[in-house]
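Colleague: I've got this one open on my screen and would like to talk it through with you. Could you walk me around it?

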Amino acid sequence: MVQTQNLKLVAMGNPLLDMQIRDGEDVLRKYGLKANDAVLASPEQLSIYQHIVENYQVTYVAGGAAQNTARCAQYALPEGSTAYLGCVGSDDLANQLRAANDREGLQSVYQVNSETATGSCAVVITGHDRSLCTNLGAAEKFTKDHLESADAKAAIKAAQFYYLGGFFLTHGVESALSLAQHAKEAGKFFSMNLSAPFIPQFFKSQVEQVLPYAELVIGNESEAEAWAKAVGLDTTDLKEIAQKIADSPSELSKPRTVLITHGAESTIRAVQGEKEAFVHPTPKVPAEQIVDTNGAGDAFAGGVLAGLILGKPIEQAVDLGHRLGGMCIGQVGPVLKFRVANTLVS
Ligand code: 26A
């Protein structure tokens, strides 16, 4: 039974178990992967999971971009503040994900599809880059009626903030729209992430359906550029692109905010209707403290959401995002190490 007393945030996405390896240059070559990308595994790439298990030391860690964001937001919030919707199989991988969420205080409101295995993601680290190759498995069996299940319904009713992983739009636009439209009707805050270049590139119409409901859109530089290309904008200027995303059609009466991260470079913030985007310097993480960048963007989003949920102004929410992003890259995988709930924000 989901606890709704303190619940503030409901996130929805693809629950995945990450299978992470280091020094994976040969794997990138063998499977035709880019160093810093996220893709759905093609039929020829499906042997990657077995290949890395047989040839590398694999670290198993809870992943799924929106699930990481929700866990990271929970990290900075009072107990019981977050819940997560997604679909898993009836297997040990799902139990590992539940256990990881339990440890961090994120409530798993999973739909279970017992005919399909829980999704997994090969995370191939090379230097400071991470390449993600995903087999969605049960995650793409999510059905809209899960939103009507008792726990999901109670969580959606109690929360004031919603967050959608853009990745979910490869299969779940109907459910995403339902959550987004509910947010509008109930006067709640709906936010989303662009998630990967291939989302605006190949799922443009799904993005266009959901974006009008988003009060906050988060993405990184390559996703912003992919969006610009997809909509026929002839620029690679991140400030300009961020402003264009902010100014794209809206169903809301409140202005939309767009945050575009850029690795160690400054984060760009655009607000609908403003003349020009703002720049937030990103605190530098010394190279020797960087373990891997898997989940850094998700942790950033978690920090921003936590800041907003705590009622902080957007500048401070972005600062918290930067801090959590920085903490994440000091750990193996999309993980934050020290539980210092409520001490992160003064
Ligand atoms: C649909 N795809 C490709 C995906 C993902 C994904 N989460 C949802 N859907 N591909 C990779 N990830 C997750 O992204 C995190 C890093 O930002 C990985 O599981 C990883 O934890």
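Colleague: Let's begin with the record. Which residue does UniProt list for "active site"?

Modeller: First, a word on the source: this is a predicted model, where local features need pLDDT of at least 70, side-chain atom pairs count only at pLDDT 80 or more, and totals for chains, interfaces and linings use all residues. Residues are numbered from 1 along each chain as its sequence is written, and side-chain values use heavy atoms, with hydrogens and water left out. UniProt positions follow the numbering used here, feature names are shortened, and annotations may be inferred rather than shown by experiment. With that said, the unreviewed UniProt entry gives, for "active site", Asp298.

Colleague: Is Asp298 buried or exposed?

Modeller: Asp298 sits in helix H11, residues 296-309; helices (H or I, at least four residues) and strands (E, at least two) are DSSP runs numbered from the N terminus. Buried means under 20% relative accessible area, exposed over 50%, and partly exposed in between, with a 1.4 Å probe and protein chains only. Asp298 has a relative accessible area of 15%, so it is buried.

Colleague: Leaving aside neighbours within four places in sequence, which residues is Asp298 in contact with?

Modeller: Contact here means heavy atoms within 4.5 Å. Beyond those sequence neighbours, Asp298 is in contact with Ala65, Asn68 and Thr69.

Colleague: On to the ligand. Which residues are the closest to it?

Modeller: A residue counts as near a molecule if one of its heavy atoms lies within 4 Å of it. There are 18 residues surrounding the ligand. The closest are Asp18, Gly64, Asn68, Thr134 and Asp298.

Colleague: How far is a polar side-chain atom of Asp18 from an oxygen atom of the ligand?

Modeller: A polar contact is a pair of N or O atoms within 3.5 Å; within protein, one must be able to donate a hydrogen and the other to accept it, and residues adjacent in sequence count only if both atoms are side-chain atoms. Asn68 has a polar side-chain atom 2.9 Å from a ligand oxygen, and Gly64 places a backbone N or O atom 2.8 Å from a ligand oxygen. For the polar side-chain atom of Asp18, the distance to a ligand oxygen is 2.5 Å.

Colleague: What share of the ligand's exposed area does the protein bury?

Modeller: Accessible areas come from the Shrake-Rupley method with a 1.4 Å probe; for residues, only the protein chains shown count as cover. Taken alone, the ligand exposes 470 Å². Of that, the protein buries 98%.

Colleague: What about Ser195: what value is its phi near?

Modeller: Ser195 is in the loop between strand E10 (189-193) and helix H7 (198-202). At 9% relative accessibility it counts as buried. Ser195 is not a glycine, yet its phi is positive, near 75°.

Colleague: Is Asp23 buried or exposed?

Modeller: Asp23 is placed in the loop between E2 and helix H1 (25-31). Asp23 isn't a glycine either, but has a positive phi of about 50°. Its relative accessible area is 58%, so Asp23 is exposed.
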